[in-house]
Every structure is written in structure tokens, then in C-alpha cells.
Amino acid sequence: MDSEFFRAWLAKAAAVIEEQRDHLTQLDAAIGDADHGINLNRGFTAILDALEQASTPTAGSVLTLAGSTLISKVGGASGPLYGMAFRSAGKTLKDIAQASPQDVSAALDAALAGVQKLGAAKEGEKTMVDALAPAVGAFSEALANGRPERDAFEVLAAAAAGGAQATISMQALKGRASYLGPRSVGHEDPGAASTALILAALRDTALAQEPGP
Ligand code: ADP
Ligand code: MG
């Protein structure tokens, strides 16, 4: 997977976030301040602009630029957290020209570690970590079990979607939603929902690739 692949992923993610902007904002209206869809839509639009303007010859440079853009353009909790995720992933891919599934797995691990380093959320606290952590784990497990690359991306997206759904019954212990205490139960976490969308876009990008030789 080359720089073009990662640019295609971000373009797909931007399109899905634009389409789901109001849904994400409604999720945030229930347990936050009704800006999550707006925040991410602004951020991903800025990513596409930045990618158009700068030269990003490697996968690592694509993701690093995406992360820096989110940090500078998106306020709130999610901008720095997603920014950290993309920057950490970019740093891990360095100047690799063609990332293997194992390289992508290492980058996803780094993204999760970056989010947890910055936000200190563990699984079960009703945040984006509840979608990201199971997805990252399922992806590396699929590869370790020798599953084909396409299956691994399917498993990744399915685990993220399942993780996001599982946040409905959780009480928020981090971020703005935690101010609601037990009243945060019964709603899907907006950041977990957006993580599932972004990783579904990654799966779709991988499935759209020409099968290898
Ligand atoms: P804000 O909460 O500042 O309005 P957003 O609405 O854009 O920012 O993002 C809210 C999302 O950020 C939450 O749904 C949650 O998934 C995520 N989040 C908040 N705090 C943390 C944290 N400490 N660790 C991981 N994710 C977090
Ligand atoms: Mg918000």
C-alpha cells in the first residue's frame, strides 16, 4: 500500500464523514456538545486541502500531514486525539514506499498507543478507544492467523463497528460525556462511531485495490 492508497483512504473517509456529519453531531448532542460531526468534517476537509497543496510522496508523509492538520484545524478533544493517531501511524510507516499489511498493523498499533498516551482512556470508558482497540487487535490477530489481507481489513472494520455499538451500554468515564455520569448510558459514543466510519473507509479502500499478482 503506497502513498496513493493512503490518500484514497483519507478521501473516502472525508466523504463518509461529510455524509454522516449530522448523524455524528446528533450522537454528540445526546451526550456532549453537538459538534463532533462538524469538527471532523472541518478537519477532513482541511486534510484534503493540505494534501492537495503539499507533496506527500510516502505513506508516512500522507498520514503525518493528516495528523498535523487535524491538530491545527480541529478544536475539542477529538482533533488532538485523531491528530495524534494519524501522526503516530505516519511516524511508524516512515519512508516505506509500499506498506505491507504487517506495516499497517504496526501503524494501527501506534495510532492506538498515541490516542491512549494523550487521552489516557482504557477500553470500557466509552471513547474512540472502544472502537479502535478491538479493531487494531482483530487486524493483527487475523494476520497472525494467516488470513488473507482482504479478510483482515473486513475483520478490522467489523470489530470497530462492534466496538462502537458496545459503547451504547457503557457509562462515559472520559471526556465531556463523563460529566453526565450514569445518564451517558444508552447512547453510542460519537468518537467511537466516527472511528468505525474511518476504519470502514480503510476497508473499502483496501477492497477496491487491484488484487495482487
Ligand atoms: P469535544 O468532546 O471536545 O466536544 P468532540 O465532540 O469532537 O470533542 O469529540 C468527542 C469524542 O472524543 C468522544 O465521543 C470520545 O470518543 C472522544 N474522547 C474524548 N475524550 C477522550 C479521551 N480522553 N480519550 C479518547 N477519546 C476521547
Ligand atoms: Mg463535542
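Modeller: Begin with residue classes: Ala, Val, Leu, Ile, Met, Phe, Trp, Tyr, Cys and Pro count as nonpolar, Asp, Glu, Lys and Arg as charged, and the others, Gly among them, as polar. A residue is near a molecule if one of its heavy atoms lies within 4 Å of it. This is a predicted model, in which local features need pLDDT of at least 70, side-chain atom pairs count only at pLDDT 80 or more, and totals for chains, interfaces and linings use all residues. Residues are numbered from 1 along each chain as its sequence is written, chains are lettered from A and ligands numbered from 1 in the order in which they are written, and side-chain values use heavy atoms, with hydrogens and water left out.

Colleague: How many residues surround ligand 1, and how do the residues of its shell divide?

Modeller: Ligand 1 is surrounded by 20 residues, the closest being N39, A77, S78, G119 and D189; the shell comprises six nonpolar, eight polar and six charged residues.

Colleague: Which polar atoms lie beside the oxygen and nitrogen atoms of ligand 1?

Modeller: A polar contact here is a pair of N or O atoms within 3.5 Å. A polar side-chain atom of S78 is 2.6 Å from an oxygen atom of ligand 1, while a polar backbone atom of G119 lies 2.9 Å from a nitrogen atom of the ligand. For G191, a polar backbone atom is 3.0 Å from an oxygen atom of ligand 1.

Colleague: What share of ligand 1 does the protein bury?

Modeller: Accessible areas come from the Shrake-Rupley method with a 1.4 Å probe; ligand 1 taken alone exposes 560 Å², of which the protein buries 93%.

Methods
A polar contact is a pair of N or O atoms within 3.5 Å; within protein, one must be able to donate a hydrogen and the other to accept it, and residues adjacent in sequence count only if both atoms are side-chain atoms.
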